[in-house]
Structures are given as C-alpha cells and as structure tokens.
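Subject: Structure handover

Hi,

Here is the structure you were waiting for, with the sequence alongside. My notes on what turned up follow below.

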Protein chains: 2
Amino acid sequence: MPELRRDPVTGRWVIINTDNPRQPSEYKVEPQPKKSVKCAFCYGNEKMTPPEITAYGVEKREKNSPGWTLRVVPNKFPAMQIEGNLDKAGIGLFDMMKGVGAHEVIIETPDHNSEIPDRDEKQIRELLWSYRDRSLDLRKDKRFKYILIFKNYGFSAGASLDHPHSQLIAMPFVPKRVMGEIEGSVKYFGYRERCVYCDMIRQEAEEKDLTVSENKHFLSFTPFASRFPYETCIIPKEHFSDFTNINDEIIGDLAYILKDTLTRIRKVLKDPSYNYILHSAPLDDPERDDFHWHIEIMPRLTKVAGFEWGTGFYINPTPPELAAKTLREA
Amino acid sequence: MPELRRDPVTGRWVIINTDNPRQPSEYKVEPQPKKSVKCAFCYGNEKMTPPEITAYGVEKREKNSPGWTLRVVPNKFPAMQIEGNLDKAGIGLFDMMKGVGAHEVIIETPDHNSEIPDRDEKQIRELLWSYRDRSLDLRKDKRFKYILIFKNYGFSAGASLDHPHSQLIAMPFVPKRVMGEIEGSVKYFGYRERCVYCDMIRQEAEEKDLTVSENKHFLSFTPFASRFPYETCIIPKEHFSDFTNINDEIIGDLAYILKDTLTRIRKVLKDPSYNYILHSAPLDDPERDDFHWHIEIMPRLTKVAGFEWGTGFYINPTPPELAAKTLREA
C-alpha cells in the first residue's frame, strides 16, 4: 500500500510508492547534449553578453574581456527589470504591478564543458562566494524583499544554455513557496520553541536512514516527504537562517558536500537534468531562530502531470530511504 | 517591462512577458507519437486491465468483453488503494498514513486514435456523464474528502499510455491546491459577499479580452494571471459549486465548449501535450456560495525550472490577452 507522508515544515502530503519502489535504471534519463560549441559565455565572446556586473580572477584585466574565472552579467532576457517603480495598479478585480527586480546570470567557469562534479573545490568555493557577494550587494536596494539563487542543469530542467551557469533573481516580495516554509517553521517554533530544521537534523543524526553524506558543517539528506525521486537537501548542521553568514571554513565544507552530492546523483542516475535552489531567510528579517537556510536539489526524472497540478501533492516512485541508500553507497 | 499579475482567487503572482510576447510558432512542441498499436485499452484486450467498474454502450454485453463505448477500470498502478484504514502514525517529527483512496481510469473510447477534438459531441457528453456518475458513486464512501478528475494528454504532460483516457482519484483529504482556491474565494466572499469567480465572469462579459469562446452556459477564457502560456479555463456562467449538479442541457453545452477549446489549442499550437483538471467543491460541503467549479486546461509548452520551484511563481511568456485573441480567431 502506498504511504502518505507529511512534510514537517510545509505540511504538504506526498504519496510514496513503498510497494514497488522504482530503481535508478527504471528512470528514463534524456542524455545531455554533447558540449563543444563555443557560446556567448566562453572566452572571447564577452561582448555578446550585457556588460558585466563583476568578475573574479586576474586583477588587472579590462572589463568584458577574457582572463576571468567567474563572471556575473545581467540576464539578457530578464524575468524582471532593475529600473523603475512598482506602480501598483488595478483593473476591476485584478491587481498588477511592474516587474521590478534584478535578474543576473553567474557564468560559473570559462570552461564550456566543466560542470560542478568536474571542477576542483577552489572553483566551487568561488561560485559560493559569488552567491554571497551578489546577495550582499543586492540587498542594499531596499525595494527588494527576497533574493533567490538557483541553477537549472540540462534541457529537462529548463536550461536553455548549456555553458555552466547559475541565476539570481532579486524581487520586490517574498515568494509564496518561501512564505510556506516560513509559516510552517514559525508555527512549529510556536509550540516547540525549537527550529524544525534543527530538529530534523537531530533526528537524522540518530536514524541515519536519510543521510546521503555529511561533514563537520553540513548534512546532505533525502527529505522524509521528498516530492521527487532522489530529491536531496543540503543544510548546515548549526543553526543559520541567513546564507550570507558564511565564512571560509563553512564554505569549504559546503563546496565539498555540494560537489560530492552532485557527483553521486550524476553517477547513480546517469547524468540527469536537475534544478537546485537556495532558500535563505527574507531580507527584512534575516536573523531568525525559526528558519534555517538550505539548498534543495531536484533531479528531473518524472513529469509533473494532472494529478500534481490539480492537487499540489506529488507522487514519488522511489522512497527517500532507498534513494539515500543508493546515493550513499555510490 | 514585464508585468506582475496577481490571481484574484489564490493570490499567486505571475510574471507576464508583455514586452516581447512569444508567438505560438516559437514554442517547441514535441510531436505526438504515431498512434496505431493495439493496446490494453482496445477492443479484445479487456482481460488485460483490472476487472471493469462500469461500462457504457450496449446493454446486454458480457463484462470485460468488447462492445462498450466507454469503460472505467481501476488503475493497474494506483497512486492510492481502495482497501484499508488510514492508520495515522508518527515517527518522531514525521507524520504518515496509509495511501487509502480510489484511482480509476476512464477509457474514453474504444478508438485508439480518437482524441476529444476528433469525436462527435455525443461521445464527449458520455465522457462527461462518466465523470459525474463515478463522482456520485465514490462520494458514498465516507472516507473520501475529495475527488479529482484529470486528463494527461501526450508525453510532455506525463501520459504513459496514448489510448485516450481520463483519470479519477478519490482521496481522504482536500488537496492543498483546492484548499488554496477555497481559502481565497472564502476571503473574497467575506468582504464582497459575492463569488469571486462570478465577479470574474461578469467583468469578462464587459471586457471580452480574455474570452476564447462561449455559449449559453459556459465561458472559455484565459485567466488574467495565467501561469502557463495558453492556459484556458472553462467555467459555468451560472453559479454552481458542485460539478455533479449538471443536467442534459448543461452537459451539451460543456461537451461543445470542451471540444471547441481543445480543437483551437490543437490547431494554434500544433497538437501540444496538455493536462486538464476539474476542480469541484470538497465533498463535505459541496453546495457553497463562495466556490465555483471549473476546468483548467494547461498546454505543456514550457519547462518548470528552478525559479518556479524556488518561488512557487510562474513566468508566462505569452500575455493571456494575446493567447485569447489567437485562440478566438483560430
């Protein structure tokens, strides 16, 4: 009989197929395209992107020219635009405002063919520093209430370019899904006076069923009520609500566990497309006892269909314990 | 500048690309597979499905044999199972229960190759009657709180079989997404004392910008804050919260507008995959002034990516007014 599991943070129910758990080889993974073409994100084509916001690497370098190790540019086709006011308005029943926000692209490496599992940790630390630096810079703009950092890898995950890149969107409101996590964790804190994420980490330290890997500062695990097969969460073991409160030592551990987790996913699932997103606390109140920043990695192995769209629930064909075991032993 | 629009029912913000609206031909639609193979849902293979629950067509016919015009069977790989108790339990932080529910497949026609736009209206009326009949039968089981009817058409919409079929899941709770609609419409009713859906229909009767087509009893329109390009909603013009309160005349109009809308979508978008879902009021309280049943049709033209997963918001590259105009004039 399938099992219904409730996510302790959001309250979302997920249907887990515990009777006939689907094995990694039973997922049809579309092969990633052969990467070889030079693109707008490669050396020598810097003029093809909007002028860069910042770049890491050699110090004495002309802007928008080669030599960088990581480069941040505005998105050429932004979901929101940086200039202007919100201009809130209504038409009868309907409310609208202008799409004011920042939409940046982080070109993670000049190497068109080097994904996170292929890179050395120094390069991944640099990527994580860029997430932090851009977040700190953009939060000076008081129009913004939230900054989302995310990465789409592969066509099935919605990536339209295959040169390794992450994205960052700063927006004038706290998004619905983050509000859902905050509301859930506030409610939990209200009667337990403890952070729900810290409690999950403590419980997992005893059970060990959901652990993919861990090190001094981080735990990588498959959530008890995972929406998607092989969904994995990376979370700091110590309580931190604001991602930007990271230091050299913590970033070192994060770079290691991010590479390790993505390498396991690539190996077990034959290089699947994935999305990852970083949820940190809203900018208005970044230091809070009831929220805990984390990264959600979602391999794209199943299609979201009518049932999911109609209910908001998910059907997960692989129990998280089995996913964790397979990833752990890879 | 992109426009942010708020859905008046759920409060969800959507980003609409109003500057460079994407045209129908700019969406990459995966062609549907050639349909020719005989499958478990075709005549003569009735023994390959679980024993039928009901069938329409000839009266004197042996069960599970040819001669039917529509056939309802239990899903061979059900998301939930009909027998047993919920057995709610907890492990530390985590809550779970058994996946008790009904998961039925409605084989819409014996013709492997006849999708809704290909059928005559009599056949579509029969399909709609089956939605009603199965709903009325299943709601006698008091364990169930909600019944969702949905259809996945095409691989990109998550359909694993290409013989025309719909699905029905009866479940022991009201799903999150329906609760979201109910909470929003209750809130609206609280200060306006009117149904928010009725108000949308009234506003559209004046504006006409979002209308795809209409007849005496139904309006087919693209919602103001559509999440997906060419998303279309079919709704009864008169206030009804419970789908099962339909009669011959209403079903005739619904069959006509469902076929008409899906035919327009097929024509304009070159036979895209789609999901549709039917949202009726929860079973505990089906007759209510603040909710209005409707069908949401979602062509699958874009990938849901990191931004959507991280925020719960959607980016829609085609303004609903443009989608409505294109579909209306098709």
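In chain A of this predicted model, helices α1 and α4 (residues 248-269) cross at roughly 110°, and their axes come within 9 Å. For the bookkeeping, axes are lines fitted to C-alpha atoms, over the stretch in contact in the case of helices, and angles run from 0 to 180 degrees between N-to-C directions. Helices (H or I, at least four residues) and strands (E, at least two) are DSSP runs, numbered from the N terminus. The two helices are therefore roughly perpendicular to each other, a label that covers 65 to 115 degrees (under 35 is roughly parallel, over 145 roughly antiparallel, the rest oblique).

Being in contact here means that the C-beta atoms, placed from the backbone, lie within 7 Å. By class, the contact splits into 8 nonpolar, 1 polar and 3 charged residues. Ala, Val, Leu, Ile, Met, Phe, Trp, Tyr, Cys and Pro count as nonpolar, Asp, Glu, Lys and Arg as charged, and the others, Gly among them, as polar.

Now chain B. Its helix α1 (residues 121-138) and helix α4 (residues 248-269) pack at an angle of about 110°, axes 9 Å apart, and the crossing is right-handed. The contact is made by B:E121, B:I124, B:R125, B:L128 and B:W129 of α1(B) with B:I251, B:G252, B:L254, B:A255, B:Y256, B:L258 and B:K259 of α4(B). These residues comprise 8 nonpolar, 1 polar and 3 charged.

Two housekeeping points. Residues are numbered from 1 along each chain as its sequence is written, while chains are lettered from A and ligands numbered from 1 in the order in which they are written. As for the prediction, local features need pLDDT of at least 70 and side-chain atom pairs count only at pLDDT 80 or more, whereas totals for chains, interfaces and linings use all residues.

On to the core. Which residues of the largest nonpolar core touch the most other members? Of its 166 residues, they are A:L148, A:I169, A:L258, B:L148, B:I169 and B:L258. Such a core is a set of buried Ala, Val, Leu, Ile, Met, Phe, Trp, Tyr and Cys residues joined through C-beta atoms within 7 Å. Buried means 20 or more other C-beta atoms within 10 Å of the residue's own, exposed means 12 or fewer, and partly exposed is in between. Leaving aside neighbours within four places in sequence, B:I169 is in contact with A:F307, B:A79, B:M80, B:G101, B:A102, B:H103 and B:L148.

- A:E193 has a positive phi of about 55° although it is not a glycine. A:E193 sits in the loop between α2 (176-192) and α3 (196-207) and counts as exposed, with 9 C-beta neighbours inside 10 Å.
- A:K208, also not a glycine, has a positive phi near 65°. A:K208 lies in the loop between α3 and β10 (211-214) and is exposed, with 11 other C-beta atoms within 10 Å.

And a few single residues:

- Beyond four places in sequence, A:S185 is in contact with A:V9, A:C195, A:V196, A:Y197, A:D290 and A:F291.
- A:D137 is in helix α1 (residues 121-138) of chain A and is partly exposed, with 16 C-beta neighbours inside 10 Å.
- B:L161 is in the loop between β8 (146-153) and β9 (165-171) of chain B. Setting aside neighbours within four places in sequence, B:L161 is in contact with B:C39 and B:F41. B:L161 and B:F41 are 120 residues apart along the chain, with their C-alpha atoms separated by 9.2 Å.
- B:D19 is in the loop between β2 (13-16) and β3 (54-57) of chain B and counts as partly exposed, with 13 C-beta neighbours inside 10 Å.

Cheers

How values were computed
Left-handed = near helix turned anticlockwise from the far one by under 90°. Contact = placed C-beta atoms within 7 Å.
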